[in-house]
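I want the overall picture first, then a couple of local details.

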Amino acid sequence: MAQSVLTQTIHDNEKLEKSTQLEFADNKLLIDLCGEFDRNLAELENKFSIQIVRRGNLLDLIGDKFSAEKVGQVLIALYQRLECGKLVEFSDIDREIRFVLHGKKSSTDQMEMFSNGHFEIRTRKKTVEPRTKAQRDFVQSLTDNELAFGIGPAGTGKTYLAVAVGVSKFIAGEVDKIILSRPAVEAGEKLGYLPGDMKDKVDPYMQPLYDALNDFLPAKQLAKLIEEKTIEIAPLAFMRGRTLAHSYIVLDEAQNATSMQMKMFLTRLGEGSRMVITGDRSQIDLPKGAMSGLLDAESLLSKISTIGFNYFTSKDVVRHPLVATIIEAYESRNTK
């Protein structure tokens with residue numbers, strides 16, 4: 001565990017500054033913490049306008065009192081993450097910065113819960129770890145509930161985690177099939193008629209689901225499972241009239257389903273199945289005046305205790321850090 005010694009000095013400009021010294025027991029982990037060519041330290045220096053000087057297994061943080069304390073908290077949290085055998089990426093740095101700036105507990109405070117195996121989603125190609133409390137709660141909800149909703153902005157991992165859990169349950173033999181669906185709705189632009197057979201026409205709409213599956217299953221195995229229809233990826237309209245038993249079912253981009261489509265889809269749930277609905281209320285592409293099935297279902301079903309509703313915010317974004325900033329800018333404008 002990192003040890004810190006805090007001292008205060010007064011500079012000529014009479015601005016109170018704090019020099020925080022962090023001592024790290026494992027120099028190899030410190031190298032990983034600093035990143036290639038100290039790029040992780042450079043990121044923190046730019047974010048907080050602070051100077052970080054490395055001397056052996058020590059880091060000196062030189063800057064104003066607030067920044068020195070916050071950078072120290074971020075570095076210790078990231079070091080603890082490395083101690084747990086996890087990697088440190090730019091998204092982890094950005095997440096920890098947002099945690100400390102908003103006065104929340106670091107994600108490493110829940111690291112024991114993450115690293116005990118229960119919240120690590122194991123697939124054929126990789127192990128997926130929920131990175132924020134909202135993501136952890138979502139994964140827990142997918143375990144506890146036969147029907148769960150994940151609602152929030154782009155980049156928060158809703159679809160990715162939902163598909164990862166589905167693949168994990170399929171590998172474990174808990175379900176016999178995986179069925180992934182999306183409404184085939186154009187995102188604000190007319191694409192015209194697409195060439196080819198039905199699969200060629202709908203695949204462009206389904207591509208994000210293929211991308212997620214490719215992260216979790218080897219290409220040859222995935223192709224075989226799709227050919228055998230053990231894994232199905234199909235537009236929402238293709239679900240009508242079916243009863244989906246012993247399956248793991250995901251409806252992505254549910255904000256673009258109409259109320260009638262959502263009712264149709266929800267009533268496909270069969271024996272031994274689990275269903276996940278994900279969507280973003282801020283990206284509805286339905287024609288003007290059409291009611292979003294996601295909003296309708298949320299209004300009608302949110303008080304049913306056996307249905308899980310899980311919400312994400314810009315603070316849960318795990319894509320490029322700029323994505324969170326963009327989302328916050330749009331949210332700020334919409335609340336004015």
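Predicted model: local features only at pLDDT ≥ 70, side-chain atom pairs only at ≥ 80, totals over all residues.

Among contacts in the protein chain between residues at least 6 apart in sequence, what percentage join residues at least 24 apart? I get 67%.

**Whole chain.** I counted 12 helices and 12 strands. Of the 336 residues, 48% come out as buried. I also looked up the accessible surface, which is about 17400 Å² for the protein chain; carbon and sulfur atoms account for 51% of that.

**Helix α1.** Next I went to α1, residues 27–34. Which of its residues are buried? I find L29, L30, L33 and C34. They sit on the same side of α1, because the arc they cover around the axis is only 140°. I checked what lies over them, and the cover includes α2 (39–48), β3 (51–55), β4 (58–64) and α3 (65–83).

At the N-terminal end, D26 is the cap, with a side-chain oxygen 2.9 Å from the backbone nitrogen of K28. Just after α1 comes G35, and I read a positive phi of about 85° there.

**Aromatics.** I find four aromatic pairs in the structure. One of them is F149 with F309, which is stacked: I have 4.4 Å centre to centre and 5° between the planes. F149 belongs to strand β7 (residues 147–151) and F309 to strand β12 (residues 307–311), so this pair ties together parts 160 residues apart in sequence. Are these two buried or exposed? Both F149 and F309 are buried.

Technical notes
Residues numbered from 1 in each chain as written. Heavy atoms only, no water. Buried < 20%, exposed > 50% of the residue type's maximum accessible area, 1.4 Å probe, protein only. Helix = DSSP H or I, 4+ residues; strand = E, 2+ residues; numbered from the N terminus. Arc of directions from axis to C-beta. Contact = heavy atoms within 4.5 Å. Polar contact = N/O pair within 3.5 Å; in protein donor to acceptor, adjacent residues only side chain to side chain. Areas by Shrake-Rupley, 256 points an atom, 1.4 Å probe, with all protein chains shown as cover. Phe/Tyr/Trp six-rings, centres within 6.5 Å; stacked < 30°, edge-to-face > 60°.
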